[in-house]
There are 2 protein chains.
Amino acid sequence: MIQLSTVGVKEYVIKLTGEHMEIERKFLIYKLPEDLGKYPFHIIEQGYLSTEPVVRVRRSDDDYYMTYKGKGFLSREEYNLPLTKESYEHLITKAEGNIISKKRYLIPIEGTSLTIELDIFDKPFAPLVLAEVEFETEEEAMAFIPPAWFGEDVTHDTEYHNSTMSRKVFGGGE
Amino acid sequence: MIQLSTVGVKEYVIKLTGEHMEIERKFLIYKLPEDLGKYPFHIIEQGYLSTEPVVRVRRSDDDYYMTYKGKGFLSREEYNLPLTKESYEHLITKAEGNIISKKRYLIPIEGTSLTIELDIFDKPFAPLVLAEVEFETEEEAMAFIPPAWFGEDVTHDTEYHNSTMSRKVFGGGE
């Protein structure tokens with residue numbers, strides 16, 4: 001995640017994806033919407049070969065790719081590069097730390113062009129649920145009023161970056 | 001290496017690098033030029049995390065990067081993505097097969113805008129030496145008359161692709 005600028009505190013984050021700039025906010029979720037079953041979803045599995053810069057391999061349903069996210073002085077760009085199933089299955093064995101599995105629901109927000117990406121994490125992160133919303137403009141990001149079922153804004157909390165989660169060490173034993 | 005088309009046999013190879021198309025020929029070298037010491041060179045080390053698509057990490061002097069070369073239906077593009085020294089040293093430990101080390105001399109061909117990339121391989125590939133020449137146009141590639149010290153044209157010999165060399169198994173024992 002390439003943080004280029006922020007206005008205020010915990011407002012939103014700006015990422016550059018190739019030529020495309022992403023402006024996003026992220027929230028904790030404690031209560032799932034009751035009508036969740038009616039929305040489309042993707043089954044996502046991902047692991048990190050490197051976290052700085054990020055070199056991530058991801059399976060999303062039957063699509064496989066490697067994502068590079070340049071950092072700071074190196075490059076601000078993000079690339080999604082296609083992999084075959086075979087090369088994905090080979091590269092995921094080289095991932096460091098935790099493999100992250102999650103079910104990502106896509107929930108449009110009525111009356112807007114916005115879509116909530118609702119990530120329901122599997123073990124070892126369950127019952128963690130995160131919602132991410134991408135905006136067209138900084139004004140839109142700042143004006144966003146989260147739905148009532150959203151928990152706190154963790155946009156700038158690195159603990160909830162998936163790359164940080166991949167490095168999380170879980171206590172063993174009973 | 002993305003072979004898009006060939007004219008004739010063993011003539012040249014065309015690669016796409018981002019928006020840039022490369023047209024190259026490759027030759028075996030048995031006798032080094034006597035004035036080699038006067039040309040600039042790079043110390044290159046590289047390894048492959050995947051060979052289809054190619055995911056290569058390379059050190060060239062004090063520059064570090066990861067190269068992705070899409071293949072066939074997936075993507076015809078090639079990307080060079082910067083790494084830090086630390087991430088390179090981490091990722092090279094994940095490489096499969098042989099780590100390739102070589103000294104690459106850059107030798108301009110007098111009276112032309114062409115440059116010979118002369119790769120002198122270290123163990124376990126020594127005494128292998130390969131020369132590669134890149135051209136602006138297909139016509140130029142076809143018209144190229146190799147210097148007298150060039151050996152046979154191996155442009156289309158996959159044995160001399162570095163990715164193939166990374167997978168080469170060397171016999172053990174005496």
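This is a predicted model: local features need pLDDT of at least 70, side-chain atom pairs count only at pLDDT 80 or more; totals for chains, interfaces and linings use all residues.

1. Over all chains, the structure holds 20 aromatic pairs, and the pair of F27(B) and F144(B) is one of them, with a tilted arrangement in which the centres are 6.0 Å apart and the planes make an angle of 55°. This pair links distant parts of the chain, since F27(B) belongs to strand β2 (residues 20–29) of chain B while F144(B) sits in the loop between α2 (138–143) and β10 (150–153) of chain B, 117 residues apart. F27(B) and F144(B) are both buried.

2. A further tilted pair is made by F41(B) and Y105(B), at 5.3 Å centre to centre and with 55° between the planes. Because F41(B) lies in strand β3 (residues 41–51) of chain B and Y105(B) in strand β7 (residues 96–108) of chain B, the pair ties together parts that are 64 residues apart in sequence.

3. The ring of F41(B) has another neighbour worth noting in the figure, as K103(B) lies over its face at 4.2 Å from the ring centre. In chain A, K103(A) lies over the face of F41(A), with 4.2 Å to the ring centre.

4. Chain A also deserves a look for its aromatic cluster, which is formed by F27(A), F135(A), F144(A), W149(A) and F150(A).

5. Turning to the interface, the contact takes 19 residues from chain B and 19 residues from chain A. About 1,700 Å² is buried between chain B and chain A, and carbon and sulfur atoms give 75% of that area. Of the area that chain B buries against chain A, 27% is supplied by L81(B), P82(B) and K94(B), which is more than any other three residues supply.

6. Which polar links does the rule find across the interface of chain B and chain A? There are two salt bridges, as well as nine residue pairs in polar contact, with both residues at pLDDT 80 or more. On the side of chain B that touches chain A, the elements giving two or more residues are β3, β5 (63–69), β6 (78–82) and α1 (85–92) of chain B.

Note on methods
Residues are numbered from 1 along each chain as its sequence is written. Chains are lettered from A and ligands numbered from 1 in the order in which they are written. Side-chain values use heavy atoms; hydrogens and water are left out. Rings of Phe, Tyr and Trp (its six-membered ring) pair if their centres lie within 6.5 Å; planes under 30 degrees apart count as stacked, over 60 as edge-to-face and the rest as tilted. Helices (H or I, at least four residues) and strands (E, at least two) are DSSP runs, numbered from the N terminus. Buried means under 20% relative accessible area, exposed over 50%, partly exposed in between (1.4 Å probe, protein chains only). A charge sits over a ring if NZ of Lys or CZ of Arg is within 6 Å of the ring centre and within 35 degrees of the ring normal. Contact means heavy atoms within 4.5 Å. Buried area is the accessible area (1.4 Å probe) that two parts lose on being put together, summed over both. A salt bridge is a side-chain nitrogen of Lys or Arg within 4 Å of a carboxyl oxygen of Asp or Glu. A polar contact is a pair of N or O atoms within 3.5 Å; within protein, one must be able to donate a hydrogen and the other to accept it, and residues adjacent in sequence count only if both atoms are side-chain atoms.
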